[in-house]
Amino acid sequence: MQKLWREWGRKMNIAVILAAGVDPNFQMDIPKQFVNVYNRPIIVYTLEKFQRHPEIDAIMVACLPGWENMVTAYAKQFDIDKLKWVISGGKTGQESSKLAIDRLMEECKEEDIVVLHDAIRPMVTDEIISDSIYTCKKKGMGVAAVVSMDNVMMTSDGITGNRTISRYAFRRIQTPQTYQLGEVWKAHQEALEQGIINENDTNNMISRLGRDVTLSKGSDTNLKINTVEDVEMFKALFNMYCGDY
């Protein structure tokens with residue numbers, strides 16, 4: 001593998017699909033990234049988006065331990081031939097990201113681009129992926145985000161509110177989150193040195209390091225599947241936008 005990257009001799013765009021999460025509140029018998037929808041696991045829909053994207057050169061999956069062979073089997077079944085690595089992920093998004101970045105640093109170039117994406121966001125579009133990569137190349141990172149449709153109220157007890165924040169004053173963060181490989185590796189090292197651990201995504205970790213986060217294009221249809229109801233929402237969005245899949 002190492003020789004292959006040297007021979008290609010150019011910067012690579014590598015998608016890292018984060019698929020190691022377990023949600024105890026998800027009311028199905030299997031992890032949500034592996035739930036079948038129309039005879040395809042949700043993770044396969046996500047993998048296919050990056051498989052078909054012309055700017056993505058290779059894919060890694062940071063997988064829920066014990067499911068690695070299943071992911072490999074899915075890749076063969078659904079012709080995901082860009083999948084080059086399946087590794088065991090960690091207990092948090094930050095840990096899974098670090099494990100993936102550490103592995104890529106062994107085989108890729110520091111100048112390569114890493115596109116981190118949740119396995120449970122199967123409705124990501126080519127436009128969102130491309131804008132995240134473009135923003136990273138121009139600004140150093142590209143984190144998908146959207147304006148909230150609602151204002152937000154601060155609360156200390158979940159019952160009463162004490163301060164309203166305009167919806168224009170904040171953004172809802174999504175994935176993909178795209179970084180230069182060498183730079184995000186350094187950020188992970190700094191976070192460990194400062195005791196920053198257990199963050200649910202790389203963007204949170206970087207912001208806690210005191211750095212500004214550069215935002216890229218997101219979408220309200222870039223659904224993150226957290227609940228059984230979200231599975232039904234995915235089906236509705238899929239039928240609306242991908243009926244001729």
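Modeller: A disulfide is a pair of cysteine sulfur atoms within 2.5 Å of each other. The model discussed here is predicted.

Colleague: How many disulfides does the count come to?

Modeller: Cys136 is in no disulfide, as the nearest cysteine sulfur, that of Cys108, is 15 Å away. With the cut-off at 2.5 Å, the count of disulfides comes to 0.

Colleague: Is Cys63 buried or exposed?

Modeller: A residue counts as buried under 20% relative accessible area. Cys63 has a relative accessible area of 0%, so the word for Cys63 is buried.

Colleague: Which residue stands opposite Cys63 in S5?

Modeller: Strand S4 covers residues 58-63 and is joined to S5 by 5 bridges, the two strands running parallel. Helix H3, residues 68-77, lies across S4 and S5 and runs at about 165° to S5. The residue in S5 opposite Cys63 is Ser88.

Colleague: Which are the edge strands of the open sheet?

Modeller: The sheet has 7 strands with mixed pairing, in the order S5-S4-S1-S6-S10-S7-S11. An edge strand here pairs on one side only. From one strand to the next, the twist averages 30°. The edge strands are S5 (83-88) and S11.

Colleague: What should helix H5 span at 1.5 Å a residue?

Modeller: Helix H5 takes in residues 126-139, which is 14 residues. The expected span is 1.5 Å times one less than the number of residues. The end C-alpha atoms of H5 lie at a distance that agrees with this, and the value for both is 20 Å.

Colleague: Where around the axis of H5 do the buried residues lie, and what arc do they cover?

Modeller: The buried residues of H5 are Ile128, Ile129, Ser132, Ile133, Thr135 and Cys136. Because their arc is a limited one, they lie on the same side of H5. In an α-helix there are 3.6 residues a turn, so residues three or four places apart point the same way.

Colleague: Which exposed residues are on the face of H5 turned away from its buried side?

Modeller: The buried residues of H5 pack against several elements, including strand S1 (13-19), helix H2 (42-52) and strand S6 (113-118). One of the buried residues is Cys136, at 4% relative accessibility. The face turned away carries the exposed residues Tyr134, Lys137 and Lys138.

Colleague: Is Gly140 buried, exposed or partly exposed?

Modeller: Gly140 sits in the loop between H5 and S7, and its phi is positive, near 100°. Leaving aside residues up to four places away in sequence, Gly140 touches Thr135, Tyr179 and Gln180. Buried would need under 20% and exposed over 50%. At 37% relative accessible area, Gly140 is therefore partly exposed.

Colleague: Which residue stands opposite Thr164?

Modeller: Strands S8 (residues 152-155) and S9 (residues 161-165) run antiparallel and are joined by 4 bridges. Their hairpin has 5 residues between the strands, and in this hairpin Gly158 takes a positive phi near 75°. Thr164 belongs to S9, and the residue opposite Thr164 is Met153.

Terms used
Residues are numbered from 1 along each chain as its sequence is written. This is a predicted model: local features need pLDDT of at least 70, side-chain atom pairs count only at pLDDT 80 or more; totals for chains, interfaces and linings use all residues. Side-chain values use heavy atoms; hydrogens and water are left out. Buried means under 20% relative accessible area, exposed over 50%, partly exposed in between (1.4 Å probe, protein chains only). The arc is that of the directions from the helix axis to the C-beta atoms. Contact means heavy atoms within 4.5 Å. Two strands pair if DSSP finds at least two bridges between them. Axes are lines fitted to C-alpha atoms, for helices over the stretch in contact, and angles run from 0 to 180 degrees between N-to-C directions.
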